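Visitor: I would like to learn how to read a few features of a protein model. Please take them slowly.

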Amino acid sequence: MAIMEMPESLAPTATASGIENLNSDLNQAVRRRRGSSGFEPATGIDSADVNTNDDIRDDVCGSGAGFETMSKSVGDGKLREEERSDAVVNGEENKTTEATTLYKFSYRASTPAHRRIRESPLSSDAIFRQSHAGLFNLCVVVLIAVNSRLIIENLMKYGLLIRAGFWFSSKSLRDWPLLMCCLSLQLLPLTAFLVEKMAQKRRMTEFVVVILHITITTAAILYPVLVILTCDSAFLSGVILMLVACIVWMKLVSYAHTNRDMRQLAKCMDKVETSDADSCYDVSFKSLAYFMVAPTLCYQLSYPQNPCIRKGWVARQFIKLVIFTGLMGFIIEQYINPIVQNSQHPLKGNLLYAIERVLKLSVPNLYVWLCMFYCFFHLWLNILAELLCFGDREFYKDWWNAKTIDEYWRMWNMPVHKWMVRHIYFPCLRNGIPKAVALLIAFLVSAVFHELCIAVPCRLFKFWAFIGIMFQVPLVILTNFFQNQFQSSMVGNMMFWCFFCILGQPMCVLLYYHDVMNRKSSAR
């Protein structure tokens, strides 16, 4: 501003009448610069300040005081300067005087306060351009407060309900047939390797190789199912064995399918007499052994590798795994069990009561599901990848931002998604099957394995999990329709959370629980 450029030696000579004249001159300068529409842009004030500089000099130096008055004022200014220096040394100078004088002239009442068009931060045009970090922090604080109250209320009502019977009953120590079954499953990859070795040496026809691989993969599923159904084992032990069996089955299918494709490529290269025929097809036991323990379901001869193992990082992730597994168990014992025990069959009781139980169960069930996802897909798979120096760690994508059910299934479980695309979806397309039918086949395979992992440990085949997965097909069509209709990511994302987490999973939990209880009561 021009007022700041006034010589310091001249400032003390401005008397009270001089300040009044300065204010009047500044107001006149602002009035002269007013246009017909009211106020001029902000540059008008700066111009007035520039003109005010000349007015100050005229008031101080050219108002009849003469050269003698000016000399006197300069001398007084030097005297004041010395006094000011002494005041600075003694710490007695008031530093706000200059700032106060500046504020008198820099932002006057006649300065325009509204200069351009602006939107409110929460308006529809500007809400997505703003940062909502503060509101996110508020939601976190409210979530912690509400859940703290619920924890205290639950402890006051039920007490501490943690018990080991749900996880490992007294029969768990006698579940050695399941343990032996899990260990003996590892013989099947060795058998598949021998089959591929014989096929590489061309001692078997392609038809025999296919039949043997079908037999091996079928045994990988039927053997654990028979063991679980014949042994009265704990529920958790059965679930773990079925998950291991499904993983082994998918790995064996990928191993057989990939080697068959490489054999076909090698035959094509033999016809054109290239030297790369042997390098593209290699049956290595080391590659198979690494594949069977690696966090992937798709077989290939080599994988991206990290240079070293971060032992401290592995220890921290393992501690997190223990903590979140304990939290998951606490929520199941303290919240989910009392809710389902005090509920009725959702398809046989009062409709409003069933809806109330489903909504009450949805929150703790959602917490358990999120803890399960974090423990398995983030912590456990990353720990395994770090120990094996496995480089590709895209085990999931940002599925929580899924706009449709279709996007969710493509992002939340990347190992299974890659296996489905590689060994189910695209082989169907290459054989002339339409895309819609290929998608239906992929959901059918997923539904069968979901039903096996739940129904076999429960020893109950009501096909609730199968129906729930196949119900995703019309939901894919519905959410895609709404996404195209509204062109909004929020509508599709809210529908995903509502159908999948708030209604679907709690309903399946209640259905299986009451069917299992009815089976046990009828058996007695």
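**Salt bridges and the core**

Guide: Arginine 263 has a relative accessible area of 6% and is therefore buried (under 20%; exposed is over 50%, partly exposed in between, with a 1.4 Å probe and protein chains only). This is a predicted model, where local features need pLDDT of at least 70, side-chain atom pairs count only at pLDDT 80 or more, and totals for chains, interfaces and linings use all residues. Residues are numbered from 1 along each chain as its sequence is written, and side-chain values use heavy atoms, without hydrogens and water.

Visitor: Which residue forms a salt bridge with arginine 263?

Guide: A salt bridge is a side-chain nitrogen of Lys or Arg within 4 Å of a carboxyl oxygen of Asp or Glu. Arginine 263 pairs with glutamate 196, with the closest N and O atoms 2.5 Å apart. Arginine 263 is in helix H9 and glutamate 196 in helix H7 (residues 187-200), so the bridge ties together parts 67 residues apart in sequence. Helices are DSSP runs of H or I, at least four residues, numbered from the N terminus. Glutamate 196 is buried too, at 0%.

Visitor: Which residues touch the most other members of the largest nonpolar core?

Guide: A nonpolar core is a set of buried Ala, Val, Leu, Ile, Met, Phe, Trp, Tyr and Cys residues joined through side-chain atoms within 4.5 Å. Here the largest has 70 residues, and Tyr408 and Trp419 touch the most other members. Helix H9 (residues 235-271) gives the most to this core, 12 residues.

Conventions: Helix = DSSP H or I, 4+ residues; strand = E, 2+ residues; numbered from the N terminus.
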